[in-house]
Amino acid sequence: MDGMSHSALADPPAPGGGTRSLVHRQRSWEPFGLSDATADHRQEFVLTGELTTGHPLVAAGPHRFHDLQTAVEMVRETGEFIGQTHFSVPANRTAVFYRVAVATRDISAWRATADARERPALLTSELRVRPDKVIDGVPRSLRFSTVLSIDDVPCGSGSADVVFLPPVVHRNHRVLSLATALTAPTGESAAGQPADPAEVGRSHPETVLVHGPFDLTHGRLSATVRIPDSWPLPDGAAEGHVPALVQLEALRQTALLAAGRMHQLATDRCTLGSLKVHFRGYAEPDVAMRCAAVVGLCGRDAEGRRLSPVTLTLAQGGRAVLEAVVTVVEDL
């Protein structure tokens with residue numbers, strides 16, 4: 001039987017994020033000295049967290065589904081901690097997740113129950129972490145693979161890649177990103193009215209990120225992204241850039257809006273069935289952002305649910321901040 005040891009609690013989540021814990025799993029052969037350290041440097045962990053309905057960013061909708069980006073955020077929050085405590089990454093290096101993918105096994109497992117407010121569901125991520133580009137025993141990057149379950153019911157899988165940047169390299173990236181954003185044309189800053197909350201899977205106007213006008217032409221839709229001043233931002237805002245969780249929420253809202261209008265999906269009953277993101281740079285606050293969506297053909301899954309792929313680009317200052325492919329699923 002594998003040994004389990006509490007490494008530490010993960011970093012505090014964003015407001016309303018619920019309690020989370022990280023446990024290091026010792027593989028069964030290691031206590032007997034049978035592990036070949038030169039051949040296998042992987043480590044295994046179990047990460048658990050509540051899927052609270054009180055989160056200001058990812059739980060502000062009709063509560064039909066748990067949002068997929070919650071699984072992404074849980075892994076992201078622990079990446080730097082795991083690198084420092086189990087792979088000897090220096091504390092002065094900054095963890096940057098640049099590729100993330102999550103896919104559901106069965107979207108029905110992500111439905112929120114009626115008693116979710118009183119008893120939050122528990123998301124469990126079984127993590128395998130493999131070091132890469134190891135120099136003098138210290139990895140420059142880590143590869144995460146995860147199997148997901150909600151209340152012990154298997155619900156999906158995912159992967160993520162994180163690179164650890166030395167202080168000088170990280171500072172140079174930030175300076176270049178900010179300079180590019182500040183020299184960008186400012187004509188995009190004038191946004192129109194926000195989308196109807198129901199069209200982006202939210203319940204209140206103050207939780208809507210995407211603003212019009214929305215012109216759907218040949219399956220293409222573009223929206224201005226604006227972050228409400230009243231939103232409490234999660235980790236990352238203190239570093240001067242728009243946090244990944246906010247960017248993922250902008251993707252989700254744009255995808256539901258575009259797929260709903262293109263295929264007449266009931267967006268209040270839609271959620272993301274898969275998410276694959278490539279972060280290409282930092283998103284700077286107080287600079288206009290646009291999210292462009294290209295909607296694919298509408299199909300059906302094995303259970304007959306309608307679904308549609310959507311390709312998205314979040315751009316700022318004439319450059320792509322991230323690129324993504326998601327699947328919008330209608331679960332009636």
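**The core and beyond**

Modeller: In the largest nonpolar core, which has 68 residues, Ile82, Phe144 and Val328 touch the most other members. A nonpolar core here is a set of buried Ala, Val, Leu, Ile, Met, Phe, Trp, Tyr and Cys residues joined through side-chain atoms within 4.5 Å. Buried means under 20% relative accessible area, exposed over 50%, and partly exposed in between, using a 1.4 Å probe and protein chains only.

Colleague: Which helix gives the most to this core?
Modeller: Helix H3, residues 244-263, with 10 residues. Helices (H or I, at least four residues) and strands (E, at least two) are DSSP runs, numbered from the N terminus.

Colleague: Before we go on, where does the model come from?
Modeller: This is a predicted model, where local features need pLDDT of at least 70 and side-chain atom pairs count only at pLDDT 80 or more, while totals for chains, interfaces and linings use all residues. Residues are numbered from 1 along each chain as its sequence is written, and side-chain values use heavy atoms, with hydrogens and water left out.

Colleague: OK, what is Ile82 in contact with?
Modeller: Leaving aside neighbours within four places in sequence, Ile82 is in contact with Leu22, Phe45, Phe87, Leu127, Val129 and Phe144. Contact means heavy atoms within 4.5 Å.

Colleague: How do H1 and H3 sit against each other?
Modeller: The axes of H1 (residues 69-86) and H3 come within 10 Å and cross at roughly 165°. So H1 is roughly antiparallel to H3, a label for angles over 145 degrees. Axes are lines fitted to C-alpha atoms, for helices over the stretch in contact, and angles run from 0 to 180 degrees between N-to-C directions.

Colleague: Last one: which peptide bond is cis?
Modeller: The one from Gly212 to Pro213, with omega near 10°. Pro213 is in the loop between strand E8 (210-211) and strand E9 (220-225).

Notes
Angles under 35 degrees count as roughly parallel, over 145 as roughly antiparallel, 65 to 115 as roughly perpendicular and the rest as oblique.
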